[in-house]
Amino acid sequence: MPNSPLIIFDFDGTVALGDGPVLAYARAAAASADEPERFLARVDAGLRPAAAAAAAQPIDAYDVIRVAAVEAGVAPDALSRAYLSSRALLGSAEAPVEAPVGLAAVAAALAAECVLVTNAPAIRIAETLTALGLGDAFTRIVTDAGKPVGLDRLLDEPGVAGRRVLAVGDIWRNDLEPAHRRGHDTALVGLWPDPTATPTFRAATLTDLLPRIEAWAAASVS
């Protein structure tokens with residue numbers, strides 16, 4: 001679909017929902033913390049965005065763990081190992097996720113090409129998408145994307161330049177801002193505040209945004 005509109009979806013917090021992977025990451029990181037129980041309590045408190053002042057707010061749940069790890073004396077290499085070990089559990093009973101209600105049906109019918117772009121490694125991404133009923137939802141999956149710079153690179157690709165683009169994600173600076181800066185449309189989901197965010201669409205969940213995404217895709221080919 002070289003000339004069709006393009007929708008770029010993020011993975012964690014957008015397509016894959018739930019705290020399962022984050023909690024698996026926290027449990028793995030706690031093993032290297034000076035005070036594991038205090039570390040886990042700090043993570044638990046941080047996972048409630050409204051509980052923190054906006055100025056000190058982490059950008060997402062994974063950033064909560066990074067901040068807590070610094071405070072708990074977890075070395076960067078230990079934190080990296082904990083993250084990778086948690087990704088090996090992605091989509092399992094130890095790190096469960098669920099898809100936004102209605103996404104599979106809408107993605108199958110959209111008048112647009114859908115791609116998945118994530119900073120996460122490829123570990124269990126394909127298996128998890130299949131388990132969520134999204135195995136055929138995306139024509140391309142880009143892992144280890146290195147967003148936000150990686151999103152700029154994708155938007156510069158010959159097959160993308162000149163097409164209408166809608167970027168969908170839960171972190172403004174990583175998932176959406178590069179597209180916004182180029183004049184593309186953006187859809188911000190989730191509850192993590194960012195006072196700099198100026199998306200085209202915004203909602204608490206991707207399910208809430210699906211009618212707008214369908215309308216955007218239809219208008220883009222009319």
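**Reading salt bridges and a cavity**

A: Let's start with a pair: Asp-10 and Lys-147 form a salt bridge, and their closest N and O atoms are 3.0 Å apart. This is a predicted model, where local features need pLDDT of at least 70 and side-chain atom pairs count only at pLDDT 80 or more, while totals for chains, interfaces and linings use all residues. Residues are numbered from 1 along each chain as its sequence is written, and side-chain values use heavy atoms, with hydrogens and water left out.

Q: What is a salt bridge, and how many does the structure hold?

A: Side chains of opposite charge can pair when their charged atoms come close. The rule here is a side-chain nitrogen of Lys or Arg within 4 Å of a carboxyl oxygen of Asp or Glu. The structure holds 14 of them.

Q: Where in the chain do Asp-10 and Lys-147 lie?

A: Asp-10 sits in the loop between strand 1 and helix 1 (20-30), and Lys-147 in the loop between strand 3 (140-142) and helix 7 (149-156), so the pair links distant parts of the chain, 137 residues apart. Helices (H or I, at least four residues) and strands (E, at least two) are DSSP runs, numbered from the N terminus.

Q: Are Asp-10 and Lys-147 buried or exposed?

A: Both are buried. Buried means under 20% relative accessible area, exposed over 50%, and partly exposed in between (1.4 Å probe, protein chains only).

Q: Which residue does Asp-12 pair with?

A: Asp-12 forms a salt bridge with Arg-87, at 3.1 Å between the closest N and O atoms. Asp-12 is in the loop between strand 1 and helix 1, and Arg-87 in helix 4 (residues 76-87), 75 residues apart. Asp-12 is buried at 14% relative accessible area, and Arg-87 is buried at 1%.

Q: How do I read a cavity?

A: Rolling a probe the size of a water molecule over the atoms shows where empty space is left. On a 1 Å grid over the protein atoms alone, a cavity is a set of points where a 1.4 Å probe fits but cannot get out; lining residues have an atom within 4 Å of a point. Grid points are joined across faces, edges and corners, and a volume is the space filled by probe spheres set on the points.

Q: What volume does the largest cavity have, and which residues line it?

A: Its volume is about 30 Å³. Among the residues lining the largest cavity are Asp-10 and Lys-147, along with Ile-8 and Phe-9. Strand 1 (6-9) and strand 4 (165-169) each give two or more residues to that lining.

Key
On a 1 Å grid over the protein atoms alone, a cavity is a set of points where a 1.4 Å probe fits but cannot get out, and a pocket is an open set with protein on both sides within 12 Å along at least five of seven lines; lining residues have an atom within 4 Å of a point.
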